[in-house]
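Visitor: Hi! Could you walk me through this structure?
Guide: Happy to, let's bring it up.

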Amino acid sequence: RDAGTASSRPGEYNLYNENDGLVSGSIPALTLTQGGLGANALVGRKISAIDDYGESPRSDATFAYTHANPPGAVAVSDISTGSFVLDWGDGGNPAYTRWELSLWDSDSFTLSLSSPIKISDNHVHSSAALTGLSATTTYYIRIRAKNGREGDLSLGRVYGVRAMHQV
């Protein structure tokens, strides 16, 4: 080829998974949105550039987690004067998804915040028993899922539960 007439700027890109399977070919730009990856999934990708001389070698794989989904439906049971049990749907997240549970006794979400389950607790079960609560108090609960990347939390969902009146 005549090097003076061929363009050496990439015109397209190929995207590969971490095992070198083609995910998407002949991408005209460096921006691509992929769907169907699943919640809280570790995804690896490689890229190559295509120019007039052919395809470049593939890059090393880069890995990232997809976002975790918020929890599914919440069920409250065993409500008593100072405790209740929460069960929630996993929202389609894998079994290794960690959960955070925050608790307020005000609907302004500013007073008496506690986190009976912190992300650092590595709580991977979709249930929790909350104890030590005050009778006749409405508690607001936020449940959030954590993906595998530090700093990423789902938006979560907020629920209200009232502890029973002491008899």
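Visitor: Is Arg 58 buried, partly exposed or exposed?
Guide: Arg 58 counts as partly exposed, at 38% relative accessibility. Buried means under 20% relative accessible area and exposed over 50%, with partly exposed in between (1.4 Å probe, protein chains only). This is a predicted model, where local features need pLDDT of at least 70, side-chain atom pairs count only at pLDDT 80 or more, and totals for chains, interfaces and linings use all residues. Residues are numbered from 1 along each chain as its sequence is written, and side-chain values use heavy atoms, leaving out hydrogens and water.

Visitor: Which side chain meets Arg 58 in a salt bridge?
Guide: That of Asp 20, at 3.6 Å from N to O. A salt bridge here is a side-chain nitrogen of Lys or Arg within 4 Å of a carboxyl oxygen of Asp or Glu.

Visitor: Which residues are linked in a network of salt bridges?
Guide: Asp 20, Lys 46 and Arg 58 are.

Visitor: How many salt bridges does a search of the whole structure find?
Guide: Four. One of them joins Arg 144 and Glu 100, at 2.8 Å from N to O. Glu 100 also forms one with Arg 142, the closest N and O atoms being 3.7 Å apart.

Visitor: New topic: what secondary structure does the protein chain have?
Guide: Zero helices and 12 strands. Both are DSSP runs numbered from the N terminus: helices (H or I) have at least four residues, strands (E) at least two.

Visitor: And where does Ile 50 lie?
Guide: In strand E3, residues 42-51. The C-alpha atoms of Ile 50 and Glu 12 are separated by 5.2 Å, though these residues are 38 apart along the chain.
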